[in-house]
Structures are given as structure tokens and as C-alpha cells.
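Please follow the charged side chains through this model, and look at how they pair with one another.

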Amino acid sequence: MAVHTSSAAEAAAPTTRERILTEALNLFAQSGYGGASMRELARRVGIRESSLYNHFSGKAAILEAIVSEHGPASSASRLEEVRYKQLARQPAAFCRQFALDLVEQWSDPREHQFQKVITAERNRVPGIRAKFADHFYAREQSTMTDYFRGFALAGLIATPDPRETARLFAAGLIYIRLEHYVMGAAPSPRPKVIEAIDRYLAFFLSLIAAGNDTDNKKRKLKGETRGKAAPD
């Protein structure tokens with residue numbers, strides 16, 4: 001039994017790569033990307049500096065990996081999970097699940113550190129701004145649009161433009177984040193955030209409810225031809 005418990009604990013322990021990324025995020029948030037050294041990072045992780053290069057080619061590669069695991073990248077990855085695909089015919093449940101997952105993400109101290117790092121460094125590190133703003137946001141937006149297009153084609157929502165509907169949904173959530181996590185002196189209590197989420201979702205879903213438009217069945221979705229989506 002002792003051997004089994006030890007094995008389980010080892011399996012749950014973070015890998016060296018994960019420890020590097022965790023400590024790098026802390027270091028970049030505290031010292032800035034330019035002020036952080038590989039030597040200090042190795043000291044914090046508890047390995048030799050040369051060992052860092054067994055996992056990453058350099059500091060820029062570490063920052064790129066951090067960007068790949070936070071913010072829009074993590075949202076896009078969630079949208080590709082089975083639990084979301086199972087909601088492909090349930091717009092209300094889909095929207096609420098996405099919003100609640102964002103609340104969890106916003107409440108994570110690592111997300112706060114990430115936003116601090118990316119805000120400071122996106123204009124200083126070649127390629128990071130383009131990778132973050134274009135690749136990750138484009139991936140999240142495209143995947144979200146696909147869900148709303150599917151809802152519309154199934155007659156579950158009424159919208160002439162799934163892409164703009166997806167953008168409207170995301171925009172409302174962004175404002176909730178600004179109000180409750182960014183602009184105030186301290187983050188709002190979770191119940192208050194959930195209340196704001198529920199109020200927004202009720203309003204948003206009422207806007208796109210199937211049957212809102214009496215002529216909806218007579219109109220084709222913008223960009224749709226015979227049920228096939230045109231490129232965004």
C-alpha cells in the first residue's frame with residue numbers, strides 16, 4: 001500500500017517542465033521579461049542552469065510556452081474538449097459553461113500574473129504580440145463562431161451572423177471581467193460575479209432566442225449557402 005501511495009504522489013507531482021513554467025511566470029511578473037535571468041530561474045526551480053536547456057531553447061521559448069497555456073489559448077483549448085462538444089445542441093448550457101469556466105480562470109492568481117506579463121512584454125518580444133493577438137484570439141473566435149453557426153443552422157437560435165453573435169457574447173463577458181476583476185481595488189466576491197454572469201446570460205440568450213425574428217425561417221444566414229459555411 002505504501003508503494004502505491006508513493007507512486008500516486010509521484011504521478012501527481014509537477015514535472016520539471018511544469019515547475020519551470022510556474023517559476024518563470026512568477027519571475028517574469030516580478031522582474032519583467034528583460035530583467036529575468038535564466039540563472040535566477042534555475043535557482044528557483046532547483047536545477048542547474050544548463051538543465052533548463054533540456055526543456056527550452058531559451059527565455060523566449062519559455063515565454064512562448066507560457067502564452068500558449070494561458071488566456072485565449074486556454075479558452076480555445078477548452079472549446080475543443082468533449083464536454084463542450086456535447087453541448088453543441090444546447091446553446092444556453094454552452095454559454096453558461098463557458099462563462100463559468102472563465103470565472104474560474106479569472107480567479108486563478110496565475111492568470112493575474114499572466115495578464116501582467118503579457119501586457120508588459122507583448123510589444124517587446126518579437127513574435128509574441130502576433131502569436132498572442134492573431135493566432136490565439138483567431139483560434140478562439142473561429143471555434144466559438146462554429147458553435148454559434150451550428151446553433152443557428154439547427155434552428156436553436158436566431159441570428160443573421162454567427163460570427164458577430166460570438167463576438168457579442170465574448171464582449172459582454174470581457175466587460176464583466178473588467179468590472180469585477182480589473183478596474184476595482186479588489187476582485188468582487190464570487191457570488192456577485194456569478195450574479196452578473198447570470199444577468200448577462202439571460203439578456204444575451206433572450207436576444208438570440210429562436211423565434212425572436214418572425215421572418216427568420218425566410219432568411220438565410222449571412223455567409224451560409226445551402227447549409228455550408230463561407231470562410232470567416
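Arg149 and Asp146 form a salt bridge, their closest N and O atoms being 3.1 Å apart, where a salt bridge is a side-chain nitrogen of Lys or Arg within 4 Å of a carboxyl oxygen of Asp or Glu. Because the two residues stand three apart in helix H10 (residues 128-153), about one helical turn separates them. Arg149 is buried at 10% relative accessibility, whereas Asp146, at 44%, is partly exposed; buried means under 20% relative accessible area, exposed over 50%, and partly exposed in between, with a 1.4 Å probe and protein chains only.

This is a predicted model, in which local features need pLDDT of at least 70 and side-chain atom pairs count only at pLDDT 80 or more, while totals for chains, interfaces and linings use all residues. Residues are numbered from 1 along each chain as its sequence is written, and side-chain values use heavy atoms, leaving out hydrogens and water.

Across the whole structure, a search finds 13 salt bridges. One of them joins Asp101 and Arg78 at 4.0 Å, N to O; Asp101 lies in helix H8 and Arg78 in helix H6 (residues 72-79), so the pair ties together parts 23 residues apart in sequence. Asp101 is buried, at 13% relative accessibility, and Arg78 is buried as well, at 12%.

Another salt bridge links Arg96 with Asp198, whose closest N and O atoms are 2.2 Å apart. Since Arg96 belongs to helix H8 and Asp198 to helix H12, this pair ties together parts 102 residues apart in sequence. Arg96 is partly exposed, with a relative accessible area of 32%, and Asp198 is partly exposed too, with 33%.

Key: Helix = DSSP H or I, 4+ residues; strand = E, 2+ residues; numbered from the N terminus.
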